[in-house]
Amino acid sequence: MVTQSPIDAPPPPLLSTSKPTVICVFCGASPGTSPAHLAAARSLAHIFHTHSITLVYGGGTQGLMGEIARTLVSLSGPTSVHGVIPEALLSVEQQNASDRQIAEGAYGRMTTVKDMHSRKNLMAKEVMEGGPGSGFVALSGGYGTLEELMEVVTWNQLGIHGKGVVVFNVEGYYDGLIAWVRTAVSKGFIAPGNAGILVEALDAEEVVRQLREYRVSEDRFQLEWSQN
């Protein structure tokens, strides 16, 4: 686990590029018991707006998912957000948000896919094709958030992608996960260099900075993967 000292100034603007920065955010469909979690989602949306970053996420309209999407759309417009949702979950979201809200892009552009695997593959593809600073971020969440997070960490270790993976650690939410990584290294289950695949950030500005400064581990598997 790697972390750097917080800085007072926001990250400098990205250099001009033909490819936009795309960040996939994994997070809960619940708000959590502390208001700090929703506040963190809003702060991340404001930083994305400041730096013209595109959000891709799981398409939810409730909890942290809905908060970050709705906030960024209010700041940067519906084209700044791409929600990807499986067909089975679409009916649930339509109960939580009106058809008019979804149709008018209150949560960004929505793509419906057939299953969870298709959802994760499409979100990852957009990040992998994104410009400098693109990567994956986990806000607080439950089983689904953790599963998505650990999959992209594993893909990084296997050399499937070289994008940064950051946990936005709000009120110590991911302290246990960070401790587990250290334990796995000490017990010989994670190579020391690969501990840095997963990076901690304590505020929204640091999230963006960590992704921009991300360096792939030299201990990753050197494998060839088809992009088809």
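Seven strands line up in an open sheet here, in the order β4-β3-β2-β1-β5-β6-β7, and the pairing is parallel. Keep in mind that this is a predicted model.

- At the edges you'll find β4 (109-113) and β7 (198-201). Each has a single partner strand, so one side of each has no neighbour in the sheet.
- Going from one strand to the next, the twist averages 25°.

**A pair to look at: β1 and β2**
- Strand β1 covers residues 22-26 and strand β2 covers residues 54-57, and the two pair in the parallel sense over four bridges.
- Which residue of β2 is the bridge partner of Val22? That would be Thr54.

**Helices across the sheet**
- Helix α2 (residues 63-76) lies across β1, β2 and β3 (81-86). Its direction is at about 155° to β2.
- Helix α8 (residues 204-212) lies across β1, β5 (135-138), β6 (164-168) and β7. This helix runs at about 165° to β6.

**A nonpolar patch on the surface**
- Leu89, Val92 and Met116 form a nonpolar patch on the surface. Together they have about 220 Å² of accessible area.
- Val92 sits in helix α3, which spans residues 87-96.
- With a relative accessible area of 37%, Val92 counts as partly exposed.

Terms used. Residues numbered from 1 in each chain as written. Predicted model: local features only at pLDDT ≥ 70, side-chain atom pairs only at ≥ 80, totals over all residues. Heavy atoms only, no water. Patch = residues over 30% accessible without salt bridge, like charges linked within 9 Å, V, L, I, M, F, W, Y side chains within 5 Å. Areas by Shrake-Rupley, 256 points an atom, 1.4 Å probe, with all protein chains shown as cover. Salt bridge = Lys/Arg side-chain N within 4 Å of Asp/Glu carboxyl O. Buried < 20%, exposed > 50% of the residue type's maximum accessible area, 1.4 Å probe, protein only. Pairing = 2+ DSSP bridges. Axes fitted to C-alpha atoms, helices over the stretch in contact; angles between N-to-C directions. Contact = heavy atoms within 4.5 Å.
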